[in-house]
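Subject: Structure handover

Hello,

Please find the structure below, followed by notes on what turned up in it.

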Amino acid sequence: MGYEDVETGAGAGEPGASDSLRTFGAVVQALREHAGLSREEFGDLVRFSKHTVASVEQGRRMPDAEFVARAEAALGETGALRRAAPHLTRQAGLASWFRQWARLETTADTLWTYECRVIPGLLQTERYARAVTMSVPPVKDEQQVSEQVAARLERQQLFERRPPIAFSFIIEQALVERGTGGPEVTGELIDNLLERSTQFNVELQIMPRHQPEHSGFDGPLMLLESPDNRWFGYAEGQRGGILISEPKEVSITLQRYAKLRSQALTPEDSRGLLKQLRGAR
């Protein structure tokens with residue numbers, strides 16, 4: 001089969017706790033305290049801020065390879081962190097069906113996204129993410145909202161990954177104009193889109209309101225290229241997601257994305273439109 005259901009069904013949309021991240025963080029903290037180091041002192045040794053150290057120890061951040069290697073060196077080369085790292089999962093705040101895709105993202109060489117419903121999570125600001133999370137039933141308490149927003153923002157570390165990922169985003173103009181969260185949130189969102197669009201490894205295109213020929217009528221889609229140059233697709237609905245792995249189906253998804261690229265505004269014209277929308281607010 002070319003399509004793999006990613007944990008669809010009742011309750012599948014609820015975020016799960018990341019026990020592996022919390023356990024890893026507790027081990028880091030125990031080893032650090034055993035070594036007699038404060039978070040700030042440990043941060044200096046591993047060349048990460050004390051805030052990053054705190055996020056890892058509290059299970060809120062996925063440690064990257066550099067953190068694990070430097071932490072091992074600073075804490076006595078026990079091997080515990082290096083052996084545990086491959087088993088970590090980015091679950092906290094992420095819908096269960098999305099976790100498999102999120103794992104693939106961490107090692108991707110290329111990541112392409114078309115969205116017609118909501119600004120992609122990788123491009124959201126914190127206030128926009130909160131507004132979106134609070135808008136969609138069921139009603140969530142503050143802890144649930146905070147966990148989901150934090151998980152969404154944590155994925156944005158992918159922009160800083162080395163070697164870098166080649167990003168392409170195509171988003172509908174209507175998503176920017178919708179006004180989610182109010183004028184201030186929208187203005188902040190547009191500023192963030194403009195800033196991201198200047199990053200050397202990011203291509204951002206806007207699909208204009210008037211585009212009679214449109215290849216995205218079947219809904220949002222995502223594509224990624226793995227380190228071994230294999231392509232995967234992902235499509236998401238209301239309460240579930242589908243990982244697309246069969247070559248023929250992936251090929252169709254690639255064709256659709258290529259067509260969308262030709263139908264959207266160029267990156268330069270997209271920036272011009274965003275500046276125009278920003279100035280009108």
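In which strand does Thr113 lie? Thr113 belongs to strand S2, residues 110-115. Helices (H or I, at least four residues) and strands (E, at least two) are DSSP runs, numbered from the N terminus.

Before the rest, the conventions. This is a predicted model, in which local features need pLDDT of at least 70, side-chain atom pairs count only at pLDDT 80 or more, and totals for chains, interfaces and linings use all residues. Residues are numbered from 1 along each chain as its sequence is written, and side-chain values use heavy atoms, with hydrogens and water left out.

Overall

The protein chain has 12 helices and seven strands. Of its 281 residues, 47% count as buried (under 20% relative accessible area; exposed is over 50% and partly exposed in between, with a 1.4 Å probe and protein chains only). Among contacts (heavy atoms within 4.5 Å) with a separation of 6 or more, 75% are between residues 24 or more positions apart.

Buried residues

Thr113 counts as buried because its relative accessibility is 3%. Leaving out residues up to four places away in sequence, Thr113 touches Pro120, Ser168, Phe169, Ile170, Leu221, Met222 and Tyr257. Leu221 is 108 residues from Thr113 in sequence, while their C-alpha atoms are 6.1 Å apart.

Ile119 sits in the loop between S2 and helix H7 (126-135). With 0% relative accessibility, Ile119 is buried. Its contacts, neighbours within four places aside, include Tyr128, Ile171, Leu175 and Leu193. Ile119 and Val132 are separated by 13 residues in sequence and by 9.4 Å from C-alpha to C-alpha.

Asn201 is in the loop between helix H10 (183-197) and strand S4 (202-207). Its relative accessible area is 9%, so Asn201 is buried. Beyond four places in sequence, Asn201 is in contact with Phe159, Pro164, Ile165, Ala166 and Phe167.

Helix packing

The axes of helix H2 (residues 39-46) and helix H3 (residues 50-57) come within 8 Å and cross at roughly 105 degrees. Axes here are lines fitted to C-alpha atoms, for helices over the stretch in contact, and angles run from 0 to 180 degrees between N-to-C directions. H2 and H3 are therefore roughly perpendicular (65 to 115 degrees; under 35 is roughly parallel, over 145 roughly antiparallel and the rest oblique). Arg39, Glu40, Phe42 and Gly43 of H2 make the contact with Lys50, Val53, Ala54 and Glu57 of H3. By class, the residues of this contact are three nonpolar, one polar and four charged (Ala, Val, Leu, Ile, Met, Phe, Trp, Tyr, Cys and Pro count as nonpolar, Asp, Glu, Lys and Arg as charged, and the others, Gly among them, as polar).

Backbone

Two cis peptide bonds are listed here. One joins Pro137 and Pro138, with omega about 0 degrees, and Pro138 lies in the loop between H7 and helix H8 (142-154). Another runs from Arg162 to Pro163, with omega near 0 degrees; Pro163 is in the loop between H8 and strand S3 (166-172).

Glu77, a residue other than glycine, has a positive phi near 50 degrees. Glu77 is in the loop between H4 and helix H5 (80-84) and is partly exposed, at 45% relative accessible area. Asn229 also has a positive phi, near 65 degrees. Asn229 is in the loop between strand S5 (221-225) and strand S6 (231-236), and at 52% relative accessibility Asn229 counts as exposed.

Regards
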